[in-house]
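My notes follow in the order I made them.

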Amino acid sequence: MKAQVIVNEVGPEGLELQEIPAPEPQAGQYLVDVRSCGVCFPDLLMSRGEYQLRPPLPFVPGTEVAGVVAAAPEGGRFAVGDHVVVASMLGGFGEQIAVAEQQLFPLPDELSFDEGAALGINFQTALFALKMRANLRTGETVGVLGSAGGIGVASIIVAKALGARVVAVVHRTGNEEMLRALGADEVIALTEGWKDRVLERTGGGVDVLIDPVGGEVFDEALRTVAPDGRFVVIGFAAGGIPTVKLNRVLFRNISVVGAAWGEYIRTHPEVPGLLHEDIVRLVGEGMRPPVNHVYELAELPQALTDLAEGRVRGKAVVRIS
């Protein structure tokens, strides 16, 4: 089968499109024909050898698969021909993948394979952050930093589906129309005075702030959280890991909470299934994951380069077959 293989941990240029042996399912495993695979930040980090999961070289990356069951174990939950979403962690950028049953979830009938691949880590993380970590309530206001990125887009869509008002804060220009189409009620450019504009348009601050960015904006971002609010730390895409001035947490009576979905599911393996049930329900109510960029398998290095250099707005997927 054809697959993109990381042969050198030097970034996207360390990938090679190769013909490799198809995987052979072990006892209890399923074989899935991959139709689409999402492009996400962990894929980029793996290409550089910077992710916490660092398999020996060479290996096939790819963590967000949508496809069709090609072979199934006797007595399994899924049957040959079922359309599925796969939490693969590795192997998604190849024509087939072998996985355990706990990695498989039904692809909602309403969604295409590209949309299914776009459901993966970003939507799981957004729902985990908003529902399980922030305890978001209907009618509250959610602020989203890095709102044009994959986590940001998913957070806007999930927050709206959960009944929140959304304020999208964005660094890159030219995204206001896209963000409003996704459901953002307010779009605020991350330029001088952005904090005051957030406070003004929310009447004193947001109830929940989603931050996948970190870096220099953290201190001002903390000041946009209203009393009794929750600041949810998802990651540090800007590169810097900020420190918290606890006097602001104390005197404003706010909470700073972490939402590390990948780490959480190591000790709570049932959580992805529970979150997927919620996602399927929300899809049934009209929620749709956007697919903003589509690449072919041979173009994966370019897709990762575009992601690294900020050219991917929203979600990119690689169409395998």
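**Helix α3 and helix α4**

I began with helix α3 (residues 121-133) and helix α4 (residues 150-161), which pack with their axes 8 Å apart and at an angle of about 55°. The model is predicted: local features need pLDDT of at least 70 and side-chain atom pairs pLDDT 80 or more, while totals for chains, interfaces and linings use all residues. Residues are numbered from 1 along each chain as its sequence is written, and side-chain values use heavy atoms, with hydrogens and water left out.

I noted the terms before going on. Helices (H or I, at least four residues) and strands (E, at least two) are DSSP runs numbered from the N terminus. Axes are lines fitted to C-alpha atoms, for helices over the stretch in contact, and angles run from 0 to 180 degrees between N-to-C directions. Angles under 35 degrees count as roughly parallel, over 145 as roughly antiparallel, 65 to 115 as roughly perpendicular and the rest as oblique. α3 and α4 are therefore oblique to each other.

I then listed the residues that make this contact (heavy atoms within 4.5 Å). From α3 they are Asn-122, Phe-123, Thr-125, Ala-126, Leu-127 and Leu-130, and from α4 they are Gly-150, Ile-151, Ala-154, Ser-155, Ile-157, Val-158 and Ala-159. I sorted the residues of the contact of α3 with α4 into nine nonpolar, four polar and no charged. In this sorting Ala, Val, Leu, Ile, Met, Phe, Trp, Tyr, Cys and Pro count as nonpolar, Asp, Glu, Lys and Arg as charged, and the others, Gly among them, as polar.

**Helix α3 and helix α10**

How do α3 and helix α10 (residues 271-284) cross? I found that their axes come within 10 Å and cross at roughly 90°. That makes α3 roughly perpendicular to α10. On the α3 side I noted Phe-123, Gln-124, Leu-127, Phe-128, Lys-131 and Met-132, which meet Val-271, Pro-272, Leu-275, His-276, Asp-278 and Ile-279 in α10. The contact of α3 with α10 divides into eight nonpolar, two polar and two charged residues.

**The sheet**

I next traced an open sheet of six strands, ordered β10-β9-β8-β11-β12-β13, with parallel pairing. Two strands pair if DSSP finds at least two bridges between them. β10 (186-189) and β13 (255-258) are the edge strands, each pairing on one side only. On average, neighbouring strands of this sheet are turned by 20° against each other, direction ignored.

Inside the sheet I looked at β8 (residues 141-144) and β11 (residues 206-211), which run parallel and are joined by three bridges. Gly-143 stands opposite Leu-209 in β11.

Which strands does α3 lie across? They are β8, β11, β12 (225-233) and β13, and α3 runs at about 145° to β11. Helix α6 (residues 194-202) also packs on the sheet, where α6 touches β8, β9 (165-170), β10 and β11. The direction of α6 makes about 165° with that of β10.

**Helix α1 and helix α11**

I turned to helix α1 (residues 41-48) and helix α11 (residues 300-308), whose axes come within 10 Å and cross at roughly 105°. α1 and α11 are therefore roughly perpendicular to each other. Phe-41, Asp-43, Leu-44 and Arg-48 in α1 meet Leu-304, Leu-307 and Ala-308 in α11. By class, the contact of α1 with α11 has five nonpolar, no polar and two charged residues.

**Backbone details**

I checked the loop between α1 and β4, where Pro-58 is placed. A cis peptide bond joins Leu-57 and Pro-58, with omega about -10°. In the loop between α3 and β8 I found Asn-135. The phi of Asn-135 is near 50°, a positive value in a residue other than glycine.
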